[in-house]
Amino acid sequence: MAARTKVAVAAAACVAIALGFAGVAQEKDDAAKGIEAYRQALKDGNPAELFEMAGEELWLKPAGPRNASLEKCDLGLGPGVVEGAYARLPRYFADTDRVQDLESRLLTCMETLQGIDTRAHVEARFGTPKKDELVALATYVAGMSKDRPVDVAASHPKERAMFELGRRMFFYQAGPHDFSCATCHAQEGRRIRMQDLPYIPAKEGAAAGWTSWPAYRVSAGQMWSMQWRINDCFRQQRFPEPVYASDMTVALSMFMAATANGATMATPGIKR
Amino acid sequence: MIDIERRRALKAGGILAAFAAAGLLPAGRARAAWNKAAFEGKTVQEALASIGASTTAASDDVQIIASDIAENGAVVPVQVVSRVPGTTQIVLFVEKNPNVLAGIFDIGPDVAADVTTRIKMMQTSNVAAVVKADGRFLASVKEIKVTLGGCGG
Amino acid sequence: MSSIGTCAALAAAVLAFAVDARAQSWGPGADDKAFAEMLRTGFRNAGPVSVDRLVQDDTQAFCSDPAVANSAAGAKRAEQLEAANLAAVKWPSDGRFLGDWRAGERIAQSGRGLTWTDAPSQANGGNCYNCHQISLAEISHGTLGPSLHNYAKLKGTDERALRDAWAKIWNSKSSNACSNMPRAGHMGILKEKDIQDIMALLFSPDSPVNK
Amino acid sequence: MANPMRIRAAAKDGITEVRVLMNHEMETGQRRDASGAIVPAWFIQEVSARLNDKDVMSAQWGPSIAKNPYFAFKIKGGKAGDTVSVTWVDNRGDTRTDNAKVT
């Protein structure tokens, strides 16, 4: 077998050299094709399903000082309606007089229904138990909007303002690297390393981003919510850390969701 | 299924013994002692020797289905299909992993010689599938390239 | 959370930006006051990274509204900013533009440094492959910037080519006010020696870039 | 404590295709944590499957199987309403069994 192995490696090397001479474009195409096949192979059996199960269990489990479950949580479609709710977030909620994304709204329900002081959840690092709960809940709720059209028109004045704030934030440059969201996400058809970068100011790119989170990240074997996704974008932008569920994060989500309006939810996703 | 408390209690007392004593594991299940020597093999040759395969022959009837490039080595989908009659075992190796043996799949009369899993790969490497059939060992090899991650690398 | 000083600086930065930006393109609800408040409540200190990083310099403020930056009035302002950034370029103190291309390749590969999870003691990377094709041996490269393969063959190796490349790496905004490329030297991301090494990766005849 | 598996089993043309997602860290024992200490190996070593009460499949795994393992295989026979059960045992002796109805 060893000899056969060597032949295979040598053959692969020859192919690589031939491609090098044939031109850069060809090599890129082959790499992109290989990666497309890889991504397809991952789609069946997304470990995100494990987190949907865990999230549903948390949703139904009585917890907090009031020993209540989240079953009566109003995610915008009335108390207890989970199906289709994520496709219509973020939105304005009269009871809090705020525009809220899913995770911000989950905090509200934990406070009002379960009597939980959620400050510790806000403060907790991603990847620690309190944030894991929120990510699992978000994965469960988002999964219940799979295949539904995004319905975020940003028609309420406060929703419109949130959209504009999000758009302004998207272009806000700062930090030692002069990065903004736009640095990577405002040019079409580009990538970082091998990662395709969605062009977020237009519908198709906004949809590619917005409709595929929460997603299972195979690199770390972690489930990431949209809040975690945004948090890590800012980390790589060399910004300070976003405050979980803050208006800033909701504004960016509103900018993406409303730009993606009408696209189909593909939650939960799976990413490299 | 057993509830959590019961599982805790069982674990404290040595779970396998407890299961067997309670008759919760079918007799067949306790049998396959994990092949420590094979899983600790640092080379394909060492690991092969530990499963009793001194020689292997290349065969087109053993097929590895996987993409040529894995975007991330942490999760690499691999399917192995054997068309060799009488296949009783499929063994999967990653040549450049610290421990080369990834898994041993026993193919009884009730399952097809067709298994899919996801493996970790430290780096670009050959992946080998060895099939045991009628005491013979037949092999197939495929190179899978592992690209670097995105930012932060 | 942010100190009072930071808040004041932040408000000042946003206001200074507003003076420039009469053609500002944000709709109702995203005025400077609301935006500054959103920034104040939206970020926190983490690890070695403080909210002070939100304060913009003139170049960052100008480039944060594409409608303004791309306007006719913006073109003039961009020229001024480019001149100011060019004037801030520090040239190699020992007169040497080229260092060790192998070290340059390592810096080009690394995307580490200056995030809230990076140890401040760790050397910063150049992030180069994130956006550029450089050595053909590395197939995992980004496309936000142009390919740098055959750089010396295309640009030559005379004094002018060396100075242009040095200025671009030290302070990319010296030739394009709103370039997406970081100002590696100007902002202290890379040290002089690091930039000499990256220059060698681009210009050395032995470098894979020119093979 | 071990979390549940996700098992799907679908019968078609006399073959039951089983797809299983398991909840497990699959630590290799080679990784270091932030403080530089080795994270101890912790991985599933044995997997077995039954169709109703009959053993049909067993496997031995090493730490090269990816975190939150995915495992798909094909049982000869089986029909809608049958029960597929899957059991894993890890190197700490922890175990988990879950069932699914064939569809």
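I start with B:Asp68, which counts as partly exposed because its relative accessibility is 47%. Keep in mind throughout that this is a predicted model.

Which residue does B:Asp68 pair with in a salt bridge? The partner is B:Lys142, and the closest N and O atoms are 2.7 Å apart. B:Lys142 sits in strand S9 of chain B, residues 136-146, while B:Asp68 is in the loop between S2 and strand S3 (69-70), so the bridge ties together parts 74 residues apart in sequence. As for the lysine, is it buried or exposed? B:Lys142 is buried, because its relative accessible area is 18% and the cut-off for buried is under 20%.

There is another pair on chain B. B:Arg83 and B:Asp61 meet through their side chains in a salt bridge, at 4.0 Å from N to O. The definition asks for a nitrogen within 4 Å of a carboxyl oxygen. This pair also links distant parts of the chain, 22 residues apart: B:Arg83 is in the loop between strand S4 (76-82) and strand S5 (87-94), and B:Asp61 is in the loop between strand S1 (57-58) and strand S2 (62-65). B:Arg83 is partly exposed at 48% relative accessibility, and B:Asp61 is partly exposed at 34%.

Now chain D. The side chains of D:Glu27 and D:Arg31 form a salt bridge with an N to O distance of 2.5 Å. D:Glu27 is buried, at 9% relative accessibility, whereas D:Arg31 comes out as partly exposed, at 45%.

Some bridges join into a network. One such network links A:Glu123, A:Arg125, A:Glu241 and C:Arg44. For the overall count, a search of the whole structure over all chains finds 35 salt bridges.

Last, the helix. In chain C, helix H2 covers residues 32-42, and its buried residues are C:Asp32, C:Phe35, C:Ala36, C:Met38, C:Leu39 and C:Gly42. Why do these residues count as being on the same side of H2(C)? Because they cover an arc of only 160° around the axis.

The N-terminal end of H2(C) is capped by C:Asp31, with a side-chain oxygen 3.2 Å from the backbone nitrogen of C:Lys33.

That is all I have.

Conventions:
Residues are numbered from 1 along each chain as its sequence is written. Chains are lettered from A and ligands numbered from 1 in the order in which they are written. This is a predicted model: local features need pLDDT of at least 70, side-chain atom pairs count only at pLDDT 80 or more; totals for chains, interfaces and linings use all residues. Side-chain values use heavy atoms; hydrogens and water are left out. Helices (H or I, at least four residues) and strands (E, at least two) are DSSP runs, numbered from the N terminus. Buried means under 20% relative accessible area, exposed over 50%, partly exposed in between (1.4 Å probe, protein chains only). The arc is that of the directions from the helix axis to the C-beta atoms. A polar contact is a pair of N or O atoms within 3.5 Å; within protein, one must be able to donate a hydrogen and the other to accept it, and residues adjacent in sequence count only if both atoms are side-chain atoms.
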